[in-house]
Amino acid sequence: MINQNINVALIGNPNTGKTSVFNQLTGLNQQVGNYPGITVEKKIGFCKLSHNIKANILDLPGTYSLNASSIDENVVIELMLNKNDKLYPDVALVVTDVENLKRNLLLFTQIKDLEIPTILVINMADRMAHKGITLNIPYLEEHLKTKIALISSRKGFGIDELKKLIVTYKSISNEPCLSASVIDPEYFNSLRKAFPNQLLYKLWLVITQDVNFLNLERKEIQGSFTKSHSDLKRLQQKETIKRYQFINDVLKEGLKVDATIAKDFRSKLDRVLTHKIWGYVIFFAILFVIFQSIFDWSKVPMDFIDSSFASLSTLANNSLPAGVLTNLISQGIIPGIGGILIFIPQIAFLFLFISILEESGYMSRVVFLMDKIMRKFGLSGKSVVPLISGTACAIPAIMATRNIENWKERLITILVTPFTTCSARLPVYAIIIALVIPDTRVLGVFNLQGLTLMLLYLLGFGMAIFSAYILNKILKIKGKTFFVVEMPNYKLPMFKNVAINVIEKTKAFVFGAGKIILAISIVLWFLASYGPGTKFKNADEIIRAKTANSTLSAQELENKVASYKLENSYIGIMGKTIEPAISPLGYDWKIGIAVISSFAAREVFVGTLATIYSVGGSDNENTIKNKMAAEINPATGKKIFNFASGISLLLFYAFALQCASTLAITRKETNSWKWPVGQLIFMSGFAYIVALIAYQILK
Amino acid sequence: MRTTINSLKKGEKAIIKDFDIDVIPLKLLEMGCLPGNTVELLQIAPFGDPLYLDINGSHLAIRIETAKEIDVELIKIKL
């Protein structure tokens, strides 16, 4: 027998456990990428079904129906309509939640109309007994013209049976279970006559929404079959009613619920979590725990990573033969990699908390709780999710705005999200807080450094909200306000799902940002190790001549030479050039270099300082932090990183848009350069002014 | 007086009668908000908006501005 590779598409409503089915089928054997040209996440996994059949399993974005209202949902339709796509499924698995079967079946009947072999996966079967649900599987299979896999991705049962069922995909019916054309027979008949070779339902989808498929020109179809928007919608309503009538008829026999058995855990929890006082108390308590623990818990692994890389760098320096290459490795590459890896603990913790909040169903309650308040600022309750995700990274956060139905609310959310404290700011904050804020406890329990960090987070949120308020007043955009949010069942987050999510996100961040950081570190090392003219070349003699009368140890002399060299290197000259602009903020030219190099990505700031101080400093104080703490301003004799300049730096990084990826994503999601450019000017200009004021007051 | 979803009290059930199709998002229809289906007001958010509903078994939240467009008929509980 020949080996066979088949394509399996996983489709389903949000909150049906589709991704955990995906994880169960594929384990860690998955790849995450993007659909070409758009930023929708594309997840493909691999699974061996039998000794000679392998499956490529595609986890499509969650969607409520084939009538798309976002780019994510468009991906589903475009794939399902395009037979030539190399991922076009041989078989579709529609994943449903046994407790929401009625609503979940709507999408199922639509997929069936596309005449693809379709398996109905009924998930969360472990809750049936608890909810008093019984299913008549043979009856459902017969009337829905499908095969059913009753599974629990949580308890892990039914997965093997599902795999066996997929193998038999060729014998699974691809017949539609109802005919949607009865909603307007005349119209559909003429459509059928005009395009005899096309599937009627496909034509209908192309007419009703903004998707393209095959060589069929949208214009061509629409030209002769145009209907007014409201006529089309009336037909779509008819279609939806038709589908529900069919589903209700089938479920009348196929699904029985004994309401006396059902235990209602949801409403009790809802009463507390959306309570007018307790709801907010709990929400803010959760936020507080997240931020305190991120700072406290990640401290140990971060210190460990920091000191390990410092000793690795020393080791490389001492054990490799002296020369330019060794310098590049020990002073450019190793500190550069260390500067990336040091993020891992904090990023992982943030993603951990966010995925737990999302998996548990709590996030929707926060949306519900916050909508009215957020609307006062021109935002939506749904903006809370991007604003919280923004604490990990603005890129996925801006993508998460796609489910905000109102364009003005969505635009404002996109524009203000970069103010929230993303994880790239964390290393900058962490090192500066460690330098200028004492490590003491307030009121016996709160760590002062943790508290400062929390204040910075609140400042980020506050600024986001404040600018939203301003934008809401300025922007004149009229749009229909739609707001529909599903309130899913509460679920205990599954360890496997959370773990995979945390690993994926951390990996994507480290490799994505890592490439930039590493490249910049190497370039910086070159710029810091070479300089124009004779001053750099003859540093040794110049310093010797200058210090001929004083008695310096060999070590002190070496330090003086090194810092003189740095000052006259290419990067030193760049830093010196911008010094007049940044010295009112309390920064010297070395910090200036770090500010320039971190323009494309904030986290480069720490790596840059690490590289600069590795090049310029002595080997005795080898961790980055110690080197920075020891840095003295030769002009004033004071520490460079003192309270005033530290606060000024913290504020600068809190507000400035130092992130090229954010600009790129804003451009993509708003389809215009106007918004990212405005964002950059406003945020960075504001940051400069605030940092200036703060330093001038505090110094 | 018109009875619409936003005039329900917490815990009250009603039958969806009619609405202006042009102001109701398709997504809401697909979630089960169709004439003849039942709707129950489960919770009201702290500042009076949005409303947390059980429509035809789907749990979802919508804003008052949408809720007031949907006419319903209250189901009287027999005593």
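Which residue is the bridge partner of A:V8 in β4(A)?

**View 1. Strand β1 of chain A and its pairing with β4(A) and β5(A) in this predicted model.** The bridge partner of A:V8 in β4(A) is A:I57, and this pair belongs to two strands, β1 (residues 4-12) and β4 (residues 53-59) of chain A, that run parallel and are joined by seven bridges. Strand β1(A) also runs parallel to β5 of chain A (residues 91-97), to which five bridges join it, and here A:A9 has A:A92 of β5(A) as its bridge partner.

**View 2. The packing of helices α19 and α21 of chain A.** Helix α19 (residues 407-416) packs on helix α21 (residues 448-474) at an angle of about 140 degrees, the two axes lying 9 Å apart, and because of this angle α19(A) counts as oblique to α21(A). The crossing of the two helices is right-handed. On the α19(A) side the contact is made by A:I412, A:L415 and A:V416, and on the α21(A) side by A:A464, A:S467, A:A468, A:L471 and A:N472; by class, six of these residues are nonpolar and two are polar, with no charged residues.

**View 3. The side of chain B that touches chain A.** In this interface, 30 residues of chain B are in contact with 34 residues of chain A. The elements of chain B that give two or more residues to this side are α1 (26-30), β2 (38-44), β4 (58-62) and α2 (64-67), and the residues on the chain B side divide into 16 nonpolar, eight polar and six charged.

**View 4. Strand pairing between the chains.** Strand β12 of chain A (residues 484-486) pairs with β4(B) in the antiparallel sense over three bridges, and in β4(B) the bridge partner of A:E486 is B:L60.

How values were computed: Residues numbered from 1 in each chain as written. Chains lettered and ligands numbered in written order. Predicted model: local features only at pLDDT ≥ 70, side-chain atom pairs only at ≥ 80, totals over all residues. Pairing = 2+ DSSP bridges. Helix = DSSP H or I, 4+ residues; strand = E, 2+ residues; numbered from the N terminus. Axes fitted to C-alpha atoms, helices over the stretch in contact; angles between N-to-C directions. Parallel < 35°, antiparallel > 145°, perpendicular 65-115°, else oblique. Left-handed = near helix turned anticlockwise from the far one by under 90°. Contact = placed C-beta atoms within 7 Å. Nonpolar A, V, L, I, M, F, W, Y, C, P; charged D, E, K, R; others polar.
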